[in-house]
Amino acid sequence: MELRQARYFLVLAEECHFGRAAARLHVAQPALSQQIKQLERELGITLFHRSTRHVELTEAGRHLMGYAQTLVTEAERARVHMTELATGQAGRVSVGFIGTATYDVLPRVARTVRAELPHIVIELRGELLTPQLMEGLRTGVYDLVVLRPAAPSEGVDIVPLRTEPLVAVLPAHHPLATDREIALSALAGETFVIHTAQPRSAMYDRVLAACARAGFQPSSLVEVGETATLVVLVAAGHGVALVPESVQSLRLDGATYVPLNERETVDLVLGRRSHRNTPAAQQVAAVIERCVRD
């Protein structure tokens with residue numbers, strides 16, 4: 001049974017009149033009659049009792065109605081779904097985030113995609129390091145990644161998202177915790193809680209470079225893999241830290257964020273494959289850009 005035959009059969013079953021059914025279907029009446037006869041031959045059973053004045057479903061025809069309706073309904077669902085896939089309104093997209101973007105960017109992206117693109121299944125993974133994200137993008141684990149600038153990689157496009165200042169994270173009892181802003185050099189001699197060197201976090205090099213420009217090297221380092229752990233350790237008095245301003249959305253008792261006098265900044269970028277981007281991934285990429293820049 002072809003899809004066209006199923007549609008013709010259902011309309012004729014509703015109208016029980018070849019003329020009216022043909023008009024609804026925008027086909028000639030002989031063409032409709034021929035298709036119904038062909039369907040009956042293929043199925044080996046009579047579907048309609050016909051007379052010069054009356055057309056009526058047979059028992060077999062009534063049984064066929066459910067199957068025909070399912071066929072037409074599923075075909076329409078498939079058409080709609082394929083259209084959604086083609087236009088980026090449906091699909092599955094995997095996105096990875098560095099730790100410092102996990103607390104402000106990831107929630108906004110999740111809310112916006114759910115509200116604006118409800119048929120896209122989005123998989124979000126946070127608290128990752130830039131090297132992990134770049135490798136995941138290259139291997140196809142992630143369709144999109146939000147990360148710090150990394151070395152150029154063939155087949156990967158980088159889109160700038162924002163530049164944000166670094167701020168100090170101090171224990172609440174620290175003598176400088178109540179200052180409106182501080183010089184980074186005031187933290188010389190402090191233990192720094194910092195993202196890991198192995199695997200290499202982009203923030204590891206960025207923080208040490210900022211300290212060097214301020215004229216010192218941290219007396220000691222406590223390395224962590226996650227931004228939340230970093231702030232927890234500072235709150236517990238294990239040291240101080242430098243983080244992007246957006247991390248202030250992660251509020252923990254015992255930790256205080258203090259701006260720096262110096263203009264120390266860090267960039268946030270969106271990474272995506274140069275080729276093989278699905279329409280759904282392109283739609284989510286546009287949402288990420290909007291969420292970060294607005």
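Mentor: Let's start with the rings: a search of the whole structure finds two aromatic pairs. Rings of Phe, Tyr and Trp (for Trp, its six-membered ring) pair if their centres lie within 6.5 Å; planes under 30 degrees apart count as stacked, over 60 as edge-to-face and the rest as tilted. Before going on, a caveat: this is a predicted model, where local features need pLDDT of at least 70 and side-chain atom pairs count only at pLDDT 80 or more, while totals for chains, interfaces and linings use all residues. Residues are numbered from 1 along each chain as its sequence is written, and side-chain values use heavy atoms, with hydrogens and water left out.

Trainee: How should I read the pair Phe-192 and Phe-216, and why does it count as tilted?

Mentor: In general, a pair of aromatic rings is described by the distance of the centres and the angle of the planes. Here the ring centres of Phe-192 and Phe-216 are 6.1 Å apart and the planes stand at 45°, so the pair is tilted. The pair also links distant parts of the chain: Phe-192 is in strand β7, while Phe-216, 24 residues apart from it, is in the loop between α7 (202–213) and β8. Helices (H or I, at least four residues) and strands (E, at least two) are DSSP runs, numbered from the N terminus.

Trainee: Are Phe-192 and Phe-216 buried or exposed?

Mentor: Both are buried. Buried means under 20% relative accessible area, exposed over 50%, and partly exposed in between (1.4 Å probe, protein chains only).

Trainee: Now helices. Which residues of α8 are buried, and where do they sit around the axis?

Mentor: The general idea is that an α-helix has 3.6 residues a turn, so residues three or four places apart point the same way. In α8 (residues 227–235), the buried ones are Thr-227, Leu-230, Val-231, Leu-233 and Val-234. Looking down the axis, they fall within an arc of 160°, so they line one face of α8. The arc is that of the directions from the helix axis to the C-beta atoms. Their cover includes β4 (120–128), β6 (156–171), β7 (191–195), β8 (220–224), β9 (241–244) and β10 (255–259). Just after α8, Gly-237 has a positive phi of about 90°.

Trainee: What about the buried residues of α2?

Mentor: In helix α2 (residues 18–25) they are Phe-18, Ala-21, Ala-22 and Leu-25. Their arc is only 100° around the axis, which puts them on the same side of α2. Among the elements covering them are α1 (3–15), α3, β1 (48–50) and β2 (55–57).

Trainee: How do α2 and α3 cross?

Mentor: Their axes come within 9 Å and cross at roughly 100°. Axes are lines fitted to C-alpha atoms, for helices over the stretch in contact, and angles run from 0 to 180 degrees between N-to-C directions. Angles under 35 degrees count as roughly parallel, over 145 as roughly antiparallel, 65 to 115 as roughly perpendicular and the rest as oblique. α2 and α3 are therefore roughly perpendicular to each other. On the α2 side, the contact (heavy atoms within 4.5 Å) uses Phe-18, Gly-19, Ala-21, Ala-22 and Leu-25, and α3 brings Gln-29, Leu-32, Ser-33 and Ile-36. These divide into six nonpolar, three polar and no charged. By that scheme, Ala, Val, Leu, Ile, Met, Phe, Trp, Tyr, Cys and Pro count as nonpolar, Asp, Glu, Lys and Arg as charged, and the others, Gly among them, as polar.

Trainee: Where is His-26, and what is its phi?

Mentor: His-26 lies in the loop between α2 and α3. Its phi is positive, about 60°, although His-26 is not a glycine. At 73% relative accessibility, His-26 counts as exposed. Glu-127, in strand β4, is another non-glycine residue with a positive phi, near 60°.

Trainee: And which residues does Gln-5 touch?

Mentor: Gln-5, in helix α1, is buried, with a relative accessible area of 1%. Leaving out residues up to four places away in sequence, Gln-5 touches Gln-35, Gln-38, Leu-39 and Glu-42. Beyond its neighbours within four places in sequence, Gln-35 contacts Arg-4, Gln-5 and Tyr-8.

Trainee: Last one: which peptide bond is cis?

Mentor: The bond joining Gln-198 and Pro-199, with omega about -5°. Pro-199 is in the loop between β7 and α7.
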